[in-house]
Each structure stands twice: as C-alpha cells, then as structure tokens.
Amino acid sequence: MSTWTLDELARLIDHTNLHADATEEDMQILCDEAKRHHFKMVAINQVQSRFCSQQLAGTDIDTGAAIAFPLGQTSIEAKVFETRDALANGANEIDYVVNVTKVKQHDWDYVEDEMTRIVAVCNEAGVPSKVIFENCYLTDNEKVCLCEIARKVRPTFIKTSTGFGTGGATVADVKLMVEHAGNDVLVKAAGGIRDADTFLAMVKTGARRIGTSSGVVIINELARRMELDGITSLEL
C-alpha cells in the first residue's frame with residue numbers, strides 16, 4: 001500500500017476534453033480547471049495543442065495531444081507527422097491509438113514498428129509517450145501481446161482505452177496490463193472513470209495515470225471525504 005495526499009491524487013489525473021465540438025472557450029475552462037486543481041495534464045485533440053500550451057505556460061501542467069484519435073486508422077507516417085506537429089505546437093505529452101486492425105490481424109511486426117517510431121519521436125523530444133490499446137476490441141491474448149511489445153519498445157505508458165469505443169477501463173484490464181508491462185512501462189486507465197470509487201479502484205490496482213473528463217467531480221469528492229474523516233492522506 002502507498003500513502004497519497006489529495007495533491008498527489010490530483011497529479012494522477014489527465015483532465016480530458018476530446019469532444020469534436022469543443023470550443024476555444026471549452027479549452028480555456030479545461031486549462032483553468034487543471035490549474036485550479038493541479039492536475040497533471042490536459043488531454044485534448046491535437047489541433048488544440050497550441051492554444052492549451054499557451055494557457056498553461058509557466059505551470060507544471062502538461063499539454064497532452066491525442067494522435068490518430070479515436071480510431072487509430074492512419075498510416076505510421078501520418079501518425080509520426082501528427083506527433084511531430086503536435087510537439088511543434090507546444091504539446092509535451094503524446095497519446096496515440098494503435099492500429100487496431102493490425103492488432104486483430106496479429107501483424108505484430110507492424111504494431112512494433114509503429115510503436116517504435118512514435119516512441120522514438122517522443123524520446124527525441126524528451127516527452128512522455130502513451131500507447132492506447134482500445135481494449136474493448138481485444139482479446140486478453142492480444143492485450144498481452146501488446147504489453148510484450150511495449151516491454152521491448154518502452155513507451156512511458158500503455159493505456160486502456162480512448163473512451164470512444166464500446167467500453168472503457170476495467171479493473172481486470174488494468175491488473176492484466178500491470179502484470180505484463182514490466183517495471184519500465186506504466187499503465188494509464190481511461191474511459192468511463194467518472195466517480196471517486198472507480199478512480200480509487202484503478203489506482204489501487206496499479207494505474208499511475210487516470211484519464212477522465214470528471215476530474216473536478218472526483219477530486220472534490222475525495223477532498224470532501226478526507227475533510228469529513230479528518231485525514232490528509234489515503235492509504236491505497
């Protein structure tokens with residue numbers, strides 16, 4: 001078990017707005033909330049990279065661009081270009097979606113090549129990389145195979161879901177990914193995490209980043225519980 005202060009729990013949150021109709025005003029609200037609650041990152045569509053990075057300048061809150069989102073169905077070259085473009089426009093974390101078709105075809109050489117090239121761009125820029133599996137479409141064996149590739153390539157994180165598929169994060173998937181990712185790759189849970197209990201369950205299972213659009217609700221609920229219990233930290 002580990003001890004977590006409220007701020008440490010807030011720093012696990014990637015505060016998310018990936019809606020297609022999100023306006024600049026919505027992005028401003030997202031960034032302001034991230035600053036107010038000291039979240040780790042704002043998770044946004046790649047085109048919002050410049051605006052959000054400008055709003056977060058001078059803070060320790062990252063701008064996380066989603067690449068090939070949400071389907072992952074673009075070429076490796078397109079994903080690499082999109083990654084470089086996001087970084088050039090101020091993004092300093094990258095979440096990209098694997099080519100699920102190639103995973104379902106078990107074309108592991110392609111999947112490894114894609115992961116290697118995108119992670120290399122991130123490593124060159126000195127920024128974290130996250131590989132989105134989209135587990136709702138995968139068998140457990142396919143998830144394990146992706147974990148094994150990640151152990152070789154070493155992205156910073158592997159991630160359960162986009163939140164736009166047929167299902168989101170589950171405790172079972174986080175447990176499986178933690179078990180098979182090895183010591184050098186962390187796990188991010190995302191998709192359907194909307195309340196404090198679900199958030200805490202993911203952290204207890206080993207997720208070390210949580211993607212959610214309900215970060216404000218979650219952290220406020222945790223603050224209320226801790227105040228009522230007269231405590232300043234949680235054992236998880």
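Which residues does Leu146 touch, not counting residues up to four places away in sequence? In this predicted model, they are Val103, Trp108, Val111, Met115, Phe133 and Leu138. Leu146 itself belongs to helix α7, which spans residues 140-153. Its relative accessible area is 0%, and because buried means under 20%, Leu146 counts as buried.

When neighbours within four places in sequence are left aside, Leu9 is in contact with Trp4, Phe199, Ile219, Leu222, Leu234 and Leu236.

Two packed helices are described by the angle between their axes and the distance between the axes. Helix α8 (residues 171-181) packs against helix α9 (residues 196-205) at an angle of about 20°, and their axes are 9 Å apart. Angles under 35 degrees count as roughly parallel, and α8 and α9 are therefore described in that way. Their crossing is right-handed. On the α8 side the contact is made by Val171, Val174, Lys175 and Val178, and on the α9 side by Ala201, Met202 and Thr205. Of the residues in this contact, five are nonpolar, one is polar and one is charged.

Helix α9 also packs against helix α10 (residues 215-229), with an angle of about 90° and axes 9 Å apart. These two helices are therefore roughly perpendicular to each other. Ala196, Asp197, Phe199 and Leu200 of α9 meet Ile218, Glu221, Leu222 and Arg225 of α10. This contact divides into five nonpolar, no polar and three charged residues.

Several loop residues complete the picture. Asp184 lies in the loop between α8 and β8 (186-190). With a relative accessible area of 48%, Asp184 is partly exposed. Beyond residues up to four places away in sequence, Asp184 touches Arg154 and Pro155. Arg154 is situated in the loop between α7 and β7 (157-159), and is partly exposed at 49% relative accessible area. Gln48, in the loop between β3 (41-45) and α3 (49-55), is instead buried, with a relative accessible area of 16%. Leaving aside neighbours within four places in sequence, Gln48 is in contact with Ala22 and Met27.

The backbone deserves a final remark. Most residues other than glycine have a negative phi, and most peptide bonds are trans. Arg154 has a positive phi, near 65°. His38, in the loop between α2 (24-37) and β3, likewise has a positive phi, near 60°. His38 is partly exposed, with a relative accessible area of 23%. A cis peptide bond, with omega of about 0°, joins Phe69 and Pro70.

Methods. Residues are numbered from 1 along each chain as its sequence is written. This is a predicted model: local features need pLDDT of at least 70, side-chain atom pairs count only at pLDDT 80 or more; totals for chains, interfaces and linings use all residues. Side-chain values use heavy atoms; hydrogens and water are left out. Axes are lines fitted to C-alpha atoms, for helices over the stretch in contact, and angles run from 0 to 180 degrees between N-to-C directions. Helices (H or I, at least four residues) and strands (E, at least two) are DSSP runs, numbered from the N terminus. Angles under 35 degrees count as roughly parallel, over 145 as roughly antiparallel, 65 to 115 as roughly perpendicular and the rest as oblique. A crossing is left-handed if the near helix is turned anticlockwise from the far one by less than a right angle, and right-handed if clockwise. Contact means heavy atoms within 4.5 Å. Ala, Val, Leu, Ile, Met, Phe, Trp, Tyr, Cys and Pro count as nonpolar, Asp, Glu, Lys and Arg as charged, and the others, Gly among them, as polar. Buried means under 20% relative accessible area, exposed over 50%, partly exposed in between (1.4 Å probe, protein chains only).
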